[in-house]
Each structure stands twice: as C-alpha cells, then as structure tokens.
Amino acid sequence: MSSVKQEVREYIASNFLMDTAAADFADDASFMDAHLLDSTGFLELVQFVEESYSIRVLDDEMIPDNLDSLDAIDAYVARKRGVGSAAAE
Amino acid sequence: MDVFAIDHVAEIERIGGWMRESLVSPLRRRGLVIAMSGGIDSSVCAALAVRALGAERVFGLLLPERDSNDRSGELGELLAGHLGIRFRRHDIAPALAALGCYSERDEAIRHVFPEYAEDWKSKLVIAGGIAGGINFYKLVVQSPDGELHESRLPLADYLRIVAATNHKQRIRKTLEYFHADRLNYAVIGTPNRLEYDQGFFVKNGDGSADLKPIAHLYKTQVYAMARALGLPEPICATVPTTDTYSLAQGQDEFYFALPYAQMDLALWCVENGVSEEGLARALSMPAESARRIFTDIEAKRRAAAYLHARPLLFGTGSGR
C-alpha cells in the first residue's frame, strides 16, 4: 500500500473514528457513501492533505473524484506532485 | 396538483388548539414569547399565537444587532402594530460586542483578508455540493468602495466565524427566556419544515424553544399561511435572508442548495418517495442535478442529527 493511502487511513481512523472502530474500509470505498465524513470532515481532510503533502487543493479540485476514497486521494496527490515537479524542472 | 395546498382555516384552528393545550399541559405557562425578525416564519408564528391566545397573552421582541438590516426592525414593528401585541426592542449589539462576537469574527476574516476593517462588509457563501463537488464555504468581503473579494475559507477560520456569529442566535434566545421567565410564558421556536429537517438553526440558539408551531409546514405553505392570516403585504412579500452577516445574504446562498420553493419541492419528493427523475422533470433540470440535490438533502439530515440530539445519558442509550 502507498504511504499516502496508509497515512490517510491512519488519519481517518484516529481523527474521525477516535480509534474506536477498525478502519478496514476498502481503498476504493466512498467516504460519502460510507458516511465516514460530513462536509466539515472533508474540510479537515483537505487541510490534512494540504499540510501533509505540501500541496494546495484548488476550489475546482474539491470534488469526489479527487477526495472521496483512499484511491482517489492517492492518485490526486500523485498528480499534484507530478505537476509540481514538472513545473519545477 | 398543488402538493402544498392546505385548508388554512382548519390548519390555523388546529395549530391554535394545540398551542392552548400545550400551554395548559405539559408547559403550564400563561402565554407566549416570540422574537420577531420581520421574516415570514416568525411573523406567521406570532399571528398564530395571537389567533390562539389573543393579543394580550403574546409578547414580542425585536432584537437587532450591528449587522441587522433596518428593514427587519421596521417589519417587526409593523407586525406588532398589526397584531396589537406588547413588544420590546432590545439592541443586542453591546452584549455581542462584550462577548467578542464581532472581534472574534473579524480576526478570523483578517486571517484571510488582512486589509478587512470595520467599515467593510462580509458574508459566507456555500459552494461545491450542488455543482457535484464537496461542500465548502467561501468568504466574501466588500471594501468601502464597493469592490468584492472572495476566497475559500480555511477550516479553522470557517469554524471561528460560525462560532462567533452563533452568539447572535444564542443571545436572542437568552433574552426570549428572560421575558418568558418574567411573564411565566413559554417560548416559540419558528423553524419551518425545511429548516427543521435540514438543520438550518443554531443549537441552543434559535433551535431552542418550548413549542414549534410551523415545523411541519413547508416554506411555501408558510407564505400562503401569511396571506390567509391577513398579514400586511410587506411582510407577505419578504424574501428569506439570514440577516446575520453584514452583506446581504440569501438563505440559499448560505445553506440550501436551491431557492426555497425548489427546495420545498425537492424535500417533498424525498419524503414522498418521488424519484430523482421525477424531481428533475418538475424542476426542468438534468437527472444528475436532481441526484445531487437528493444527496445534499440526505447529507444535511445526517449533519442535523447532532443539532436535534438531546444530551446523551450514560448507560441509557438515549437522551433526555
């Protein structure tokens, strides 16, 4: 498992589930459909992602395709880092 | 078919009877206190109370603060005069200032817009959900020269602004209960069905009350009820606002996905098992948009569970 997926899973388990339940949801499970996160929860998640991976989530990137599962976040962070490194080259 | 059509005469009588019975038992109070914002909901509640009890048993409050629209107070006084009830005007701005309502809010705003000053105006605007994204809030500020600026709010600033402005609803409720205690009256809560269902209220603020007489009525029905009750035209024609932020702000900008008439219909569809396609046809919108509205309604219901929850008691599995 990628470190991004593992770190986000651990963050969700600690911050949203208070370590009271196993964070054993699938990598492609929708946080919305599983009712893991509400709108404030997503704002917390976005802040975690921005601070952990030194990226800026733009307004038009606040969509489920980028943020609603571990798989989605993993791919999104990889794309953002790729864009960042390409721009720096 | 008008799904919101009701027999107003019968409904007024039915609500009035329930108010009288509730005051006798379990409330055991002698009248009702109502905070009048000048909006349609509190105006209808006040008129229903007067129909139920007579003007002499209803006490009105006008509770403006620094960001209140002057028009709200004018409509409140118009209503009090129309109904013939006693009322008191109490400016809550000094109390709010003492609590740090404005300074806490403004510090959070300056974290996003450092140039923000007392002569600027501000509001929060919801974004994302209805467009298929994730809900978030934008802060909109207006400089004295009229120029608008907006930015997505970081979580901590968003929470701080909301927490600070929630003082307004909570201080109002404190005063409502002061007068209720003084008069041995009960306090009316004024949410309509949409607000109650979707959690558009402040916990222990406007969400607190002894009885809520229109929480079963859609906003569309409340407007119709206002006319049936013969309320003055300026009140019947009011547009729903939050009257909480210094920039003009519609309720659909701040909380609901759509203007109230469409939100009423969407909620009615959810409650009556009408499909997304049915709502899409009724509102002439793509099925995908209707699906997002349904999703947003369910998400807000889940968020509202906290607002509706009584304190949980250990070992009982329930609240009281």
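How many residues does the contact take from chain B, and how many from chain A? The contact takes 13 residues from chain B and twelve residues from chain A. The model is predicted, and the predictor gives the complex an ipTM of 0.86 and a pTM of 0.92.

**The contact between the chains**

- On the side of chain B that touches chain A, α6 (155–183) and α13 (287–308) of chain B each supply at least two residues.
- The largest share of this side of chain B comes from α13(B), which gives three residues.
- Seven nonpolar, four polar and two charged residues make up the side of chain B that touches chain A.

**Chain A**

- Chain A has four helices and zero strands, and its pattern along the sequence is α-α-α-α.
- Of the 89 residues in chain A, 24% count as buried.
- Among contacts in chain A between residues at least 6 apart in sequence, 57% link residues at least 24 apart.

**The sheet of chain B**

- Strands of a sheet pair through backbone hydrogen bonds, either parallel or antiparallel.
- In chain B, four strands form an open sheet in the order β3-β2-β1-β7, with parallel pairing.
- The edges are held by β3 (86–89) and β7 (186–187) of chain B, each with a single partner strand, so one side of each is left without a neighbour in the sheet.
- Strand β1 (residues 32–35) of chain B runs parallel to strand β2 (residues 58–62) of chain B, and four bridges join the two.
- V33(B) stands opposite F59(B) in β2(B).

**Two packed helices of chain B**

- Two packed helices are described by the angle between their axes and the distance between the axes.
- Helix α11 (residues 260–271) of chain B packs with α13(B) at an angle of about 80 degrees, and their axes are 10 Å apart.
- Angles of 65 to 115 degrees count as roughly perpendicular, and α11(B) and α13(B) are therefore roughly perpendicular to each other.
- A266(B), L267(B) and V270(B) in α11(B) meet I293(B), F294(B) and I297(B) in α13(B).
- The residues of this contact of α11(B) with α13(B) comprise six nonpolar, no polar and no charged.

**Confidence in the prediction**

- Chain B has a mean pLDDT of 93, and 97% of its residues reach 70 or more.
- Where pLDDT is low, the predicted coordinates should not be read in detail.

Technical notes:
Residues numbered from 1 in each chain as written. Chains lettered and ligands numbered in written order. Predicted model: local features only at pLDDT ≥ 70, side-chain atom pairs only at ≥ 80, totals over all residues. Contact = placed C-beta atoms within 7 Å. Nonpolar A, V, L, I, M, F, W, Y, C, P; charged D, E, K, R; others polar. Axes fitted to C-alpha atoms, helices over the stretch in contact; angles between N-to-C directions. Parallel < 35°, antiparallel > 145°, perpendicular 65-115°, else oblique. pLDDT = per-residue confidence, 0-100. Buried ≥ 20, exposed ≤ 12 C-beta atoms within 10 Å, placed from the backbone. Pairing = 2+ DSSP bridges.
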